[in-house]
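My entries follow the model below.

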Amino acid sequence: MKPENAPSRRHVLAGLAAAPLAGAGVAARAQGAGRAPPPAGGESRYGPDYQFQPGLTYLNTASLGPTPRSVREQVMQAWLALEANPVRNAFGAGAVLAAADAARGEAAALLGCAADEIMITRGTTEGMITLANAVRLAGGDHILTTDKEHQGGEACWMHRARREGLTVDRIPIDLGEHDVNAIVRRFAEAITPATRLISVSHVISTTGLRMPIAEISALARARDLLCVVDGAQAVGAIQVDVKALGCHAYATSGHKWLMGPKGTGLLYISRDAGERIEPARWALGHQYGSESTGVGPQPLAVGLGAAIAALRARGMTEVERHNLGLRTYGWRRLSELPQVEMVGPPPGPNAAPLVACRLPTRIVARGLRDRLLSAHDVVVKMTEARWLNGIRLSPHLFNTEEDIDLAVAALRVELG
């Protein structure tokens, strides 16, 4: 779907360049300001666009992705232009505000919706909080979710439940489960006359299970329920079309798989949600800057738009192919370790670019994670301890099979 109500990227960049003191001289200074010297000891093994410390093997994009130098430079260019004349460039027809608002258009093109259905946030958690506070619910209403939701996606519902007398119901999802038809049946069976909303992750953060969002959304619509999605582990990792998914709302992060600036995110709210989801930030308009939004971190929003544009130029079909290929390779290599147990779906249509394994009880995940970093310069995540004593790999565009091999070799040493 063609984005609406947002200036074109070409128009916005031209306007930014024309801002007072933001011409070639300031642009050059901004680029220089964005180029931190390489860390002592040499360049990142991932090339000059990434500034990891030398020798680091990074397999944890699902927690925080690296922001490429090219994106950071656009942030700094926008910031310098903003500071050249803050009021002129940040309000009204200001060039920096226009560039920040254009990020909604980039996001809309990525997600398959209209720009006025997109809100720029500080991350998935803020998006979910915004949703929870915007949904019309009353005491006695029920919210249906799963027992494997990330705390950032469920805390908002627990907060409202505690304050307003709501009830949060959960369906179980086993760590090894990948029968999505059974999951949909469980949702259907758990709906009661008091259920008003389904809240679910697109990808389970611990196991990488790709949830059947289109089917769950269809179920919700058939029962006249809202369906909202925590998409932290999907957007930028796999192709996401919110209209095809059919959900009413979708929150995601800018600083994970999109590799945008830290502290950015996106929230989609479908027009057909109507008065059932009314965020206060949109009370006086859906644009990035309005009297009901205040002044946000405009340079970071510009950077988010640049990061999304870079992924779109690469092509999400290619991005997903690359990421799932590494995920399959990681599954195979980890499966070779006799000490670990694989969790989540095997390679196939229900898998996302996360691969996780359970550790033997004698190994504490936190300690293993720390030793992999201190002794081997390998960064992985320990899985959510409340569910699993394990580790998770999340390779992305800058990773190769060599990274997986280095991680598995380090694991062999540490597991003994």
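**Notebook: sheets and a helix pair**

I take strands from DSSP (E runs of at least two residues; helices are H or I runs of at least four), numbered from the N terminus. Two strands count as paired if DSSP finds at least two bridges between them.

Before going on, I noted that this is a predicted model, where local features need pLDDT of at least 70, side-chain atom pairs count only at pLDDT 80 or more, and totals for chains, interfaces and linings use all residues. Residues are numbered from 1 along each chain as its sequence is written, and side-chain values use heavy atoms, with hydrogens and water left out.

**Confidence**

I looked up pLDDT, the predictor's confidence in each residue from 0 to 100. The protein's mean is 90, and 90% of its residues reach 70 or more. Residues 1-15 are below 50, with 32 contacts in the model beyond near neighbours in sequence. Residues 17-40 are also below 50, with 33 such contacts. Contact means heavy atoms within 4.5 Å.

**The seven-stranded sheet**

In which order do the seven strands of the open sheet run? I read β2-β8-β7-β6-β5-β3-β4, with mixed pairing. β2 (118-121) and β4 (167-171) are the edge strands, each pairing on one side only. The twist averages 20° from one strand to the next.

Helix α6 lies across β2, β5, β6, β7 and β8, and it runs at about 155° to β7. For angles I use lines fitted to C-alpha atoms (for helices, over the stretch in contact), from 0 to 180 degrees between N-to-C directions.

**α6 against α7**

The axes of α6 (residues 124-134) and α7 (residues 151-164) come within 8 Å and cross at roughly 25°. The two helices are therefore roughly parallel to each other; the cut-off for that is under 35 degrees. On the α6 side, T125, M128, I129 and A132 make the contact, and on the α7 side G152, G153, C156, W157 and R160 do. I sorted these residues into five nonpolar, three polar and one charged. In that scheme Ala, Val, Leu, Ile, Met, Phe, Trp, Tyr, Cys and Pro are nonpolar, Asp, Glu, Lys and Arg are charged, and the others, Gly among them, are polar.

**The four-stranded sheet**

Last, I checked the open sheet ordered β9-β10-β13-β12, whose pairing is antiparallel. Its edge strands are β9 (341-343) and β12 (381-382). Four bridges join β10 (residues 355-358) to β13 (residues 390-393), and V355 stands opposite L393 in β13.

Technical notes. Parallel < 35°, antiparallel > 145°, perpendicular 65-115°, else oblique.
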